[in-house]
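Here's a short tour of a protein model, written for someone new to reading structures. Have a look at the picture first, and then we'll walk through it piece by piece.

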Amino acid sequence: MGGERRLGYLLILPTVLLFGGLVAFPFLSAIWLSVTDRVVGSGGNFVGLANYLWLLRWPDLGLMIFNTWFIATVGVALKFVVGMCAALLLNVSFRGRTFFRGLFMLPWAVPTFVAVLVWRWMYDHHSGVFNTVLMRLGITEHRLSFLGNPDLALLSVIVFVVWKGFPFFGLSYLAGMQSIPNELYEAAKVDGANAWQQFFYITLPGLQHVIAITCLLSLIWTANAFEMVYLLTGGGPSNRTQVFTVLTYQLGIVNLRLGEAAAVPLMFFPMLAGLIVVVSRYMLRNQ
Amino acid sequence: MTSVQIFTNLVHRSFAYYACRTIKRALFWLALLVFALWAAFPFYWMFTTSLRPDRELYSRNVTLLPQDLTLNHYHIEFTRYLYVNRLSNSLIVASATALATLAISCLAAFSITRLRYPGRSTLARSILLVYLIPSSLLFIPTYTIMSRVNLNNNLLGLALTYLSFTVPFCTWMLMGYFKTIPLDLEEAAMIDGCTRFQSFTKVLLPLALPAIAASGIFSFTLAWNEFLYALVFITDSKLQTLPVGLSSHIQADIYMWGPLMAGSVMASVPIVLIYILAQRVLVQGMLAGAVRG
């Protein structure tokens, strides 16, 4: 069957070339770039670990690492809670469920850049609806600068991240709940288990696999989100919401310092690679 | 117990029962409303902003309900040369991405699920791994490569980079679908004289049409929504796609929120409809088929 083998390799060739050219080669050249002094237009001499040392000496490095993982972990935890509540509400059968399911999906369905623009407008200092409502209800006396105030900016970003991401969790759990056999709940009711016990002893264990996958996937996606932070705060005020993707963009594309810019994502790579390997194991388990 | 006692007892009990049920129902609907408000208010605000005159938007006493409606913002946004230009750029990039993705993914999925050769399972696994690698990790080296081969500021060049995430996503989805189609039909076709490749084009592809349509639509939406690569690889403002073009207004000093929201509505309504109609398939695709609904 040499023919089958040849056909197999021939048909997979475009994919292999694509992955080689757009994933493997860029990855190797990132490693090379990160040890050179390359700037846009010139340079490219080997400088050893100078770029990494430069980053380590950057005073806001700790803040940037903290923000990246803080937004990702707190964001994922809240998305899990809110998404689970949404799934439990929508798993009850009631009139108008399809309509509400559609409403709940909206944040997930809208393109991220549109969602960010809308929230930018709602957060707006002068005419934003949040400020109007807070002032009208007498909760605050002055208009809040949700994205410009160093103490509020990170929180405002996280609220947006949770809003954008919770429906994906909810939809996944809703799908998972359909596959839990109803007999388990009936047996539990006969034994006198209340709603909480049913949730903790049947629903949660039944969703274990989905929960692990959604949380790990979302952790990877949120840690690597770009336009959420870039369009909301641009990393400011004074790096209080700076994350690694925005820093990479600013170093490499705005300041044209490609060497340092290539080093930033590589510092995060070991952690992300670990997450990717773990989540891929989970995903392959059912195949 | 007399019959009267039994009766009053029943009334008491059922009263307690109904009261309890009513409270539970009320709490349920309250929770549902709070959630609906949280999920949908930004959309309400986007739509109404796009329809309200400026004097209402920037007045000191903004009301939650629009007092006056106008299509003026849509008119401003749509008659601007750049909006139409960006719309067509986005359409070009997204269509090119979808077509190329389908061509590459169908061949790859067929190769992996139907043909036997050494290295096949490693290839299958690496498709999943590439799907999981976030594009923000590689945009700097990709940028240097793209400028070396002169594909910066080129819409088809941008579409080419999008293949790095649409192809693994769609290949994996198609592989899942191909596996559900029994082999017998292709075998019968080959007994009737089809070659292996013909059994793919004449039997498998027509059967997999729903999954192929879904993959095409999703790669279109992924390309339509993409922001980072479009921002980095396209610097010529005439070639900008909608996401980058629209949000560039926000970086300038004067925000025209009315037209901006009108542009956002136009850029997102088709995408939102697609996502909502096809959510089951899409969620399964994102979870790489690990969870079946």
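## Ground rules

Two residues are in contact here if their C-beta atoms, placed from the backbone, lie within 7 Å. Helices (H or I, at least four residues) and strands (E, at least two) are DSSP runs, numbered from the N terminus.

Keep in mind that this is a predicted model: local features need pLDDT of at least 70, side-chain atom pairs count only at pLDDT 80 or more, and totals for chains, interfaces and linings use all residues. Residues are numbered from 1 along each chain as its sequence is written, while chains are lettered from A and ligands numbered from 1 in the order in which they are written.

## Chain A overall

What is chain A built from?

Of the 287 residues in chain A, 43% are buried (20 or more other C-beta atoms within 10 Å of a residue's own, with C-beta atoms placed from the backbone). Look at the contacts in chain A with a separation of 6 or more, and you'll find that 67% of them involve residues 24 or more positions apart.

Now zoom in on helix α4 (residues 97-109) and helix α7 (residues 153-178) of chain A: their axes come within 7 Å and cross at roughly 125°. The axes are lines fitted to C-alpha atoms, for helices over the stretch in contact, and angles run from 0 to 180 degrees between N-to-C directions. Angles under 35 degrees count as roughly parallel, over 145 as roughly antiparallel, 65 to 115 as roughly perpendicular and the rest as oblique, so α4(A) and α7(A) are oblique to each other.

Which residues meet there? From α4(A) come A:Phe104, A:Met105, A:Pro107 and A:Trp108, and they meet A:Trp163, A:Lys164, A:Pro167, A:Phe168, A:Gly170 and A:Leu171 of α7(A). By class, this contact has eight nonpolar, one polar and one charged residues (Ala, Val, Leu, Ile, Met, Phe, Trp, Tyr, Cys and Pro count as nonpolar, Asp, Glu, Lys and Arg as charged, and the others, Gly among them, as polar).

## Chain B's two domains

Over in chain B, the domain assignment (automatic or from a database) gives domain 1 (3-57) and domain 2 (72-286). Their C-alpha centres lie 41 Å apart. The contact takes seven residues from domain 1 of chain B and nine from domain 2 of chain B.

Technical notes
Buried ≥ 20, exposed ≤ 12 C-beta atoms within 10 Å, placed from the backbone.
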